[in-house]
Amino acid sequence: MNKIKVGIGVMLINKGRILLFRRKNKLGRNLWAWPGGHLNYGETIHECAKREVREETGIHLEDKDLSYLCTSNIIEYGQHYIDIELVANIEETKIKPNGEFSSYGWFIPKEVEKKELFKACELGIIANKTQNPVCDFRRDKDDIKKNSQ
């Protein structure tokens with residue numbers, strides 16, 4: 001039985017630049033993404049967002065730092081996710097990566113748009129640009145049928 005998972009991501013912005021990491025793990029390998037991960041049972045969205053940012057960057061956020069960006073229904077990479085993206089404008093730029101990523105950098109929005117992005121981040125950039133907070137993405141209906149059997 002396939003399950004729908006909940007992902008939480010946080011677009012970190014410093015002086016107009018967005019922090020992106022190049023992913024090493026199986027899901028979205030070599031794609032660029034901002035910090036994020038799975039919502040744990042019993043965890044609030046903000047708790048998850050703060051935990052993921054802290055684990056992946058060493059940056060500590062407060063609830064007041066986080067704003068809602070978008071919610072996406074994503075069927076991609078052989079998975080089905082409901083993904084909630086947040087945004088935080090931060091002062092800190094010193095990152096302590098945890099090893100989940102091969103490289104990282106701070107990029108202006110035009111540079112970000114040219115990168116191969118993890119689907120949740122790609123939809124987050126579109127939502128930010130269009131001010132549309134709900135995105136629906138499905139790669140291929142045949143892929144869904146294959147993966148659900």
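View 1. Two or more lining residues come from each of strand E1 (5-14), strand E4 (36-38), helix H1 (45-57), strand E6 (79-89) and helix H3 (119-130). Helices (H or I, at least four residues) and strands (E, at least two) are DSSP runs numbered from the N terminus. By class, the lining has 12 nonpolar, seven polar and nine charged residues; Ala, Val, Leu, Ile, Met, Phe, Trp, Tyr, Cys and Pro count as nonpolar, Asp, Glu, Lys and Arg as charged, and the others, Gly among them, as polar.

The model shown is predicted, so local features need pLDDT of at least 70 and side-chain atom pairs count only at pLDDT 80 or more, while totals for chains, interfaces and linings use all residues. Residues are numbered from 1 along each chain as its sequence is written, and side-chain values use heavy atoms, with hydrogens and water left out.

**View 2. The largest nonpolar core has 24 residues, of which Met11, Ile18, Leu20 and Trp34 touch the most other members.** The elements that give this core two or more residues are E1, strand E2 (17-23), strand E3 (32-33), E5, E6 and H3, and the largest share, five residues, comes from H3. A nonpolar core is a set of buried Ala, Val, Leu, Ile, Met, Phe, Trp, Tyr and Cys residues joined through side-chain atoms within 4.5 Å. In soluble globular proteins, nonpolar side chains tend to be buried together. Ile18 touches Met11, Leu12, Ile13, Trp34, Gly105, Trp106, Phe107, Val112 and Ile125, not counting residues up to four places away in sequence, where contact means heavy atoms within 4.5 Å. Apart from this core lies another, of 18 residues, among them Leu12, Val53, Ile59 and Ile90.

**View 3. Ser72 lies in strand E5 (residues 66-76).** Ser72 counts as buried because its relative accessible area is 1%, and buried means under 20%, exposed over 50% and partly exposed in between (1.4 Å probe, protein chains only). Leaving aside residues up to four places away in sequence, Ser72 touches Tyr81, Ile82, Asp83, Leu123 and Cys135.

**View 4. Helix H3 is followed by Gln131, whose phi is positive, near 60°.** The 12 residues of H3 should span 16 Å at 1.5 Å a residue, and its end C-alpha atoms are 16 Å apart, which agrees; the expected span is 1.5 Å times one less than the number of residues. Lys119, Ala120, Cys121, Leu123, Gly124, Ile125 and Ala127 are the buried residues of H3. Gln131 is placed in the loop between H3 and strand E8 (134-138), and Gln131 counts as exposed because its relative accessibility is 63%.

**View 5. Asn30 is not a glycine, yet has a positive phi of about 70°.** Asn30 is found in the loop between E2 and E3, and with a relative accessible area of 42% Asn30 is partly exposed.
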